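Hi there,

Here is the structure I promised to pass on to you. Have a look at it first, and then read my notes below.

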Amino acid sequence: MMKRSLILETGDVFIGTAFGSVEASEGEVVFTTGMTGYQETLSDPSYCGQIVTMTYPLIGNYGINRDDFESIEPAIKGLVVRELTDTPSNFRSDATLNELFVLKNIPGIEGIDTRKLTRIIRELGSVKGVLSAAGEEVNVDEVVAKLKNTTFRTDQVEQVSTKRPYPSPGRGKRVVLVDFGMKHGILRELNKRDCDVMVVPYNTTAEQIMAIYPDGIMLSNGPGDPKDVPEAIEMLQGLIGKIPIFGICLGHQLFALASGGDTFKLKFGHRGANHPVKDLESGRTEITSQNHGYAVDEESLKGTRLKVTHIALNDGTVEGLAHLDVPAFTVQYHPEASPGPEDSNHLFDRFIELMNANVKGEKQHA
């Protein structure tokens, strides 16, 4: 059992036991509050470049299975847990969490005070951190000094987006799904509704998308700052008003930017499967799954043709938008869940209805 250190740019040091890869890793340290769904969390591309802290104390107890991945290759830089179970008990389990992390070369640390770490992040905001190599003795002062002067990569979307288009055939509505770091749960929900899906890279142009003759466009989730993806903003500006659009998470933020709004970085983000969101039109509150570090600035929407449709009940931030003139809506949270509650799954049906109404309207106009 080799020791490993988690060192923060604040100078805080946590010493625990290493699991997974023996190599060192650095990234933005964040926390997620989900009680279950660690497999979906570690394989969510939106965590690209981040060291993820699980606030629930016992992780790995139901193992890893072949079905619950949200991407083929996990993009996280490391995992922090209070207690790791190495003897999972579940009929679906194919491997332990440790075995997966060894296979994917991802470092982890267990046995530290994750409550203390979470309080630091809540108080100071997301911080840069380093997971040392397993068994390595480190000079903390040198590591902290290096961290303070380190600038992490800003091309996370390019790292996790598909490199070339590919189809997921169906006989229903044709949907172009723009992959900014797509969770497979989004694709699964479209497949359930028999959509004829074409998944395209983040830097696909508006002209290339329209050449596919879609009935609708789905904007996926993804990692990082939406302002680091100017290609997508330009693409959306060429599509808004031409075709129905549904955006999720990063797709929601990019749609706001393309429509004249602005975004900002949250202090420590929204990550977990228990975030209450209020639908301002129906008055209904739904429990949602979330994973984002940026949000739409509500004040910036004045003068645009966007209206706020949903708000977060924890902090009042914008959680949903609709365009006043064209068939387009977005949400900041994850209606496909994976992991999390399925309260908002109906939004995929709303997207289908929007596409149906648009086709009907075009025929009547013709």
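Predicted model: local features only at pLDDT ≥ 70, side-chain atom pairs only at ≥ 80, totals over all residues.

Residues are numbered from 1 along each chain as its sequence is written, and side-chain values use heavy atoms, leaving out hydrogens and water.

You will find H334 in the loop between β19 (328–331) and α10 (346–365); helices (H or I, at least four residues) and strands (E, at least two) are DSSP runs, numbered from the N terminus. The H334 side chain makes a polar contact with the side chain of E336 at 2.7 Å. Such a contact is a pair of N or O atoms within 3.5 Å; within protein, one must be able to donate a hydrogen and the other to accept it, and residues adjacent in sequence count only if both atoms are side-chain atoms.

Which residues does the "active site" annotation cover? According to the unreviewed UniProt entry, they are C249, H334 and E336. They span 88 residues in sequence, yet no two of their C-alpha atoms are more than 11.3 Å apart, so they gather at one spot. UniProt positions follow the numbering used here, feature names are shortened, and annotations may be inferred rather than shown by experiment.

C249 sits in the loop between β14 (245–248) and α9 (250–258), and at 1% relative accessibility C249 is buried.

Happy exploring!

Conventions. Buried < 20%, exposed > 50% of the residue type's maximum accessible area, 1.4 Å probe, protein only.
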